[in-house]
Amino acid sequence: MKPPLPVFRSPLRGPWLTSVFGLVLLIVLPIVILTGLLSYIAYGPQFGQAIPAHVGWLRLPGFSWPTRPSWLYRLTQGLHVGLGLIIIPVVLAKLWSVIPKLFDWPPARSIAQLLERLSLLMLVGGLLFEIVTGVLNIQYDYIFGFSFYDGHYFGAWVFITGFLMHIALKIPRMRTGLRSLSLREVLRTNISDTKPQPPDPDGLAPEDPAEPTMSRRGVLGLVGSGVVLMTVLTVGQTLGGPARGAALLLPRGRPGPGGSDFPVNKTAAVAGITPEAVGANWRLTLRGGPSELVLDRAALAALPQRTARLPIACVEGWSTVQTWTGVPLGELARMAGVPAPRSAFVASLQRGGAFGVATLQANQISDPDALLALRVNGADLPLDHGYPARIIVPALPGVHNTKWVTAIDFATG
């Protein structure tokens, strides 16, 4: 028995509009997917510090994440988060255009239709899960009852599978849909001259269309305006500077002292850093050579210093560029008796929570601008930004630029 189904009568629905939105997503979503997977690789799965650490056969091919260009992670993660937010109006418009398909009855009349419905379920469900959890994660502080990183990674693969299946099944139909109307004519057509498309095999065009209340040109303008608005509300988090003030969708990272353009993702108070821990008794321990080397901050400040202007970028999409001064990590490795380390294990004073330690790979230690920073913008590091010393490495994800460093273990194997 066929259940009572809603009636969709908008004369704007049809193969052309659905195909236009589909084409936009076909161009943009692969960029979002690729940059998201690159972010996972940048976190260093070979060191077990990418989350989730154990992904079975979903493990990505690993490679040494480069330090050049220094803005690489700023670009890739800015694109991932920024485009993921910007395309929300297109995703909603695409869902609106195909909603009649969600009420097809019976759900599957053939194997091909069953595969199509399965791909649609994985695509829509996976995409909505990624968008909703992604937006909530950058706005709020871990409100989920599960690991966001685990959920986002595995949810991404559900979405990717559905996306690839849907492309294989729908590319021929999308090509036909794009040819069903002329873009030039659509842009010239007002409401009174807007006509419904004839019924199509996919059932996107209504059988009994109502009178139009908007032209297809108006729909494109409405969705395009939504994209522009989302861009204005988002792009400042990556660009920084004056544009950051317009980024109302700014992640939960808080502005720096005095409203400076240097967000704080984890404060010293949240990390459990006490004044006593970073006071006169603070020491940095270097290991890996024949014996431990222990240095206080005065000894570090007396070493030859290097200054570099480098970006720091967060997985949540925000980034900033600051001028850092400190001791090159390569020099610290030589002082520790490990002139050519394969890796370095960095430990923080942080008490509890994720990312209190990090492992750096060989090229991240040897880069001339990889520093144990003591100062930023000509002044000692503020406590919330890692005083007495923090790591800063070109193109390294922000959480691995460890703050409140207390020990570095250099390894040759």
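This note goes through helix packing, a surface patch and some backbone details of a predicted model.

1. Basis. Local features in this predicted model need pLDDT of at least 70 and side-chain atom pairs count only at pLDDT 80 or more, while totals for chains, interfaces and linings use all residues. Residues are numbered from 1 along each chain as its sequence is written, and side-chain values use heavy atoms, with hydrogens and water left out.

2. Helix 1 against helix 3. Two packed helices are described by the angle between their axes and the distance between the axes. Helix 1 (residues 15-42) and helix 3 (residues 88-98) have axes 9 Å apart, at an angle of about 145°. Helices here are DSSP runs of H or I with at least four residues, strands are runs of E with at least two, and both are numbered from the N terminus. Axes are lines fitted to C-alpha atoms, for helices over the stretch in contact, and angles run from 0 to 180 degrees between N-to-C directions. The crossing of helix 1 and helix 3 is left-handed, a term for a near helix turned anticlockwise from the far one by less than a right angle (right-handed if clockwise). On the helix 1 side, the contact is made by L17, T18, F21, G22, V24 and L25; helix 3 contributes V90, V91, A93, K94, W96, S97 and V98. Contact means heavy atoms within 4.5 Å.

3. Cover of helix 3. Eight of the 11 residues of helix 3 are buried, namely I88, P89, V90, V91, A93, K94, S97 and V98. Buried means under 20% relative accessible area, exposed over 50%, and partly exposed in between (1.4 Å probe, protein chains only). The cover over these residues includes helix 1, helix 2 (72-86), helix 4 and helix 7 (216-234).

4. M174. This residue lies in helix 5 (residues 148-179). M174 is buried because its relative accessible area is 15%. Beyond its neighbours within four places in sequence, M174 is in contact with S19, G22, L23 and L26. From M174 to S215 the separation is 41 residues in sequence and 21 Å in space, C-alpha to C-alpha.

5. Nonpolar patch. I111, L114, L115, L118, L121 and L169 make a nonpolar surface patch of about 570 Å². Patches are made of residues with over 30% relative accessible area and no salt bridge; like charges are joined within 9 Å, and nonpolar side chains (Val, Leu, Ile, Met, Phe, Trp, Tyr) within 5 Å. A salt bridge is a side-chain nitrogen of Lys or Arg within 4 Å of a carboxyl oxygen of Asp or Glu. Accessible areas come from the Shrake-Rupley method with a 1.4 Å probe, and for residues only the protein chains shown count as cover. Helix 4 (residues 111-139) gives the most to the patch, with five residues. I111, in helix 4, counts as exposed because its relative accessible area is 62%.

6. Backbone points to check. Most residues other than glycine have a negative phi, and most peptide bonds are trans. The bond joining I51 and P52 is cis, with omega about 0°, and P52 lies in the loop between helix 1 and helix 2. A cis bond also runs from Y387 to P388, with omega near 15°; P388 is in the loop between strand 8 (379-380) and strand 9 (390-392). Positive phi values occur at N377, near 55°, and at A395, near 65°. N377 sits in the loop between strand 7 (371-376) and strand 8 and is partly exposed at 44% relative accessibility. A395, in the loop between strand 9 and strand 10 (405-411), is buried at 2%.
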